[in-house]
Amino acid sequence: MRLITYYLVGLIFGLGISISGMGNPAKVVNFFDIAGTWDPSLIFVMGGALVVTFLGYRVVLGKPKPAMAKEFLLPSKQEIDLPLVGGAIIFGIGWGIGGFCPGGALPVIGTGKIEVVYFIAALLAGIFVARQFQARLL
């Protein structure tokens, strides 16, 4: 049952990414190009995601335990620190340059487009470098 649920959630996510245009790097880059060919339509995608997430968290966290796990695994760290801000800035720069958000790129990898493969490879390399950096300095 768990695998079926994971599959259905992934299918819904992938369909949403595809239908909304979040898998199209040109659409994403145009969203960030406020002074040029600005495409504000992704505001509705992000706004919709925020509304669904906000409501979903209220419903799910009101339950005694999750449906598919023994307990809720929530982050304990709540302060805004340099690693969080620095990571957010680097993430935003990468998203703006590449046109792919990691969540949006994963469903699009099925298209076989080489730029998606390059992005995913760079994403994995970035995760590896960040972990090495954190292990040595933090």
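Good morning. The protein chain in this structure has 6 helices and 0 strands; both kinds of element are DSSP runs, helices being H or I with at least four residues and strands E with at least two, numbered from the N terminus. Along the sequence, the pattern therefore reads α-α-α-α-α-α.

Please note that this is a predicted model, in which local features need pLDDT of at least 70, side-chain atom pairs count only at pLDDT 80 or more, and totals for chains, interfaces and linings use all residues. Residues are numbered from 1 along each chain as its sequence is written, and side-chain values use heavy atoms, with hydrogens and water left out.

I begin with the overall picture. The C-alpha atoms fill a box of roughly 50 × 40 × 30 Å, taken along the principal axes. Of the 138 residues in the protein chain, 17% are buried. Buried means under 20% relative accessible area, exposed means over 50%, and partly exposed lies in between, using a 1.4 Å probe and protein chains only. The chain exposes about 10500 Å², and carbon and sulfur atoms supply 74% of that area; the areas come from the Shrake-Rupley method with a 1.4 Å probe, and for residues only the protein chains shown count as cover.

I turn now to charge. The chain carries 10 positive and 6 negative side chains, with the centres of the two sets 13 Å apart. Here Lys and Arg count as positive and Asp and Glu as negative, while His and the chain ends are not counted. Each charge is placed at NZ of Lys, CZ of Arg, CG of Asp or CD of Glu.

Side chains of opposite charge can pair when their charged atoms come close. A salt bridge requires a side-chain nitrogen of Lys or Arg within 4 Å of a carboxyl oxygen of Asp or Glu, and the count comes to 2. In one of them, D39 pairs with K27, the closest N and O atoms being 3.0 Å apart. Because D39 lies in the loop between α2 (25-32) and α3 (42-61) and K27 in helix α2, this pair ties together parts 12 residues apart in sequence. K27 is partly exposed, at 22% relative accessible area. K77 and D81 also form a salt bridge, at 2.5 Å from N to O, and K77 is partly exposed at 48%.

Finally, which residues form a nonpolar patch on the surface? They are M1, I4, Y7, L8, L11, L15 and I19, with about 810 Å² of accessible area together. Patch members have over 30% relative accessible area and no salt bridge; like charges are joined within 9 Å, and nonpolar side chains (Val, Leu, Ile, Met, Phe, Trp, Tyr) within 5 Å. Among them, Y7 sits in helix α1 (residues 2-20) and is exposed at 55%. Thank you.
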